[in-house]
Amino acid sequence: MGEFFGMPVYQSIVAVILGFVLSFVGVQAAGETDINPTGSIGKMSQLIFAGMPADNINQVRKNNLMAGNISASAAAQAVDMVGDLKTGQLVGASPRSQFWAQFVASFFAIGIAVGLFILFAEAYPCVTSTDLNEECEFGLVAVKAWYNVTLLLTGGGEKLTRESIILTGVAAAVGVVAPFVREFLVPKKYHRYFPSVSAVGIAMINTSPEVPLSMFIGWVAGKIWKRVDPVAYEKYMYSTAGGMIAGQGISALLQAVFKLSGVAPYPYTGSCIEGLLENCP
């Protein structure tokens with residue numbers, strides 16, 4: 001951080017400690033909803049780093065972003081690791097063998113990850129563009145959110161209103177108190193009826209409606225499958241879900257390759273009746 005971004009050593013250490021603590025938030029939320037709120041976790045670090053000193057406003061913003069990046073990255077890696085270990089537990093794999101497999105595979109994954117980034121950056125130049133108004137195949141919602149939050153916390157954008165600060169405080173209090181109420185005051189048999197504040201919070205910040213919709217469709221399909229054939233459900237449900245997720249990733253890679261190859265994304269053949277449509281050949 002100091003070599004490439006000019007971040008003081010003590011601030012880097014603070015960011016790492018925050019990343020460790022906030023990783024538990026990511027693991028808890030992902031365990032309950034299967035969604036890791038890395039963006040919100042990063043913004044928590046940004047909020048804490050808003051008052052950290054620096055030589056100039058540009059360095060303040062750079063430190064602010066890097067602190068959020070450290071926490072978000074720590075949460076992302078922690079959730080991925082726990083998710084892998086949980087999957088291994090479900091299929092009966094040894095945690096020790098999983099650890100060594102990931103340790104060895106990490107050396108190869110680094111090169112693959114860089115290669116995939118170059119592939120997507122070549123196919124979609126807007127990914128690395130500094131113009132937020134440039135037309136892009138991706139929504140860049142997270143990029144715009146990080147950008148606006150950084151300006152907001154470092155005095156470069158609109159000021160936080162009093163109402164926003166109050167609402168944030170109330171939401172934070174509910175988020176801290178509700179889990180304690182559930183664990184210590186609500187009988188265990190009623191826990192399933194107690195709403196998850198993690199799920200509610202993620203629903204509030206989720207800007208992609210297709211995500212909860214697809215989760216709902218999958219949940220309904222799983223319930224129907226389990227009722228129709230519970231034996232097949234127990235045997236093949238995890239493999240089926242994993243295959244669909246892998247297929248989505250593979251299709252995204254193929255789409256990027258096709259775009260670089262000049263293949264039209266939505267080809268069609270049509271005809272028109274002469275005289276009814278303009279510019280009809």
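The model is a predicted one, in which local features need pLDDT of at least 70 and side-chain atom pairs count only at pLDDT 80 or more, while totals for chains, interfaces and linings use all residues. Residues are numbered from 1 along each chain as its sequence is written, and side-chain values use heavy atoms, with hydrogens and water left out.

I searched the whole structure and found 9 aromatic pairs. One of them joins Phe20 to Phe24, edge-to-face at 5.4 Å centre to centre with 90° between the planes. Phe20 and Phe24 are 4 residues apart in helix H2 (residues 9-33), and are therefore separated by about one helical turn; helices here are DSSP runs of H or I, at least four residues, numbered from the N terminus.

I then checked Trp100 and Phe103, whose ring centres are 5.7 Å apart with planes at 80°, so this pair is also edge-to-face. Both residues lie in helix H5 (residues 95-123), 3 residues apart.

Are Phe20 and Phe24 buried or exposed? I find both exposed, whereas Trp100 is partly exposed at 48% relative accessible area and Phe103 is partly exposed at 43% (buried is under 20%, exposed over 50%, partly exposed in between, with a 1.4 Å probe and protein chains only).

How values were computed: Phe/Tyr/Trp six-rings, centres within 6.5 Å; stacked < 30°, edge-to-face > 60°. Helix = DSSP H or I, 4+ residues; strand = E, 2+ residues; numbered from the N terminus.
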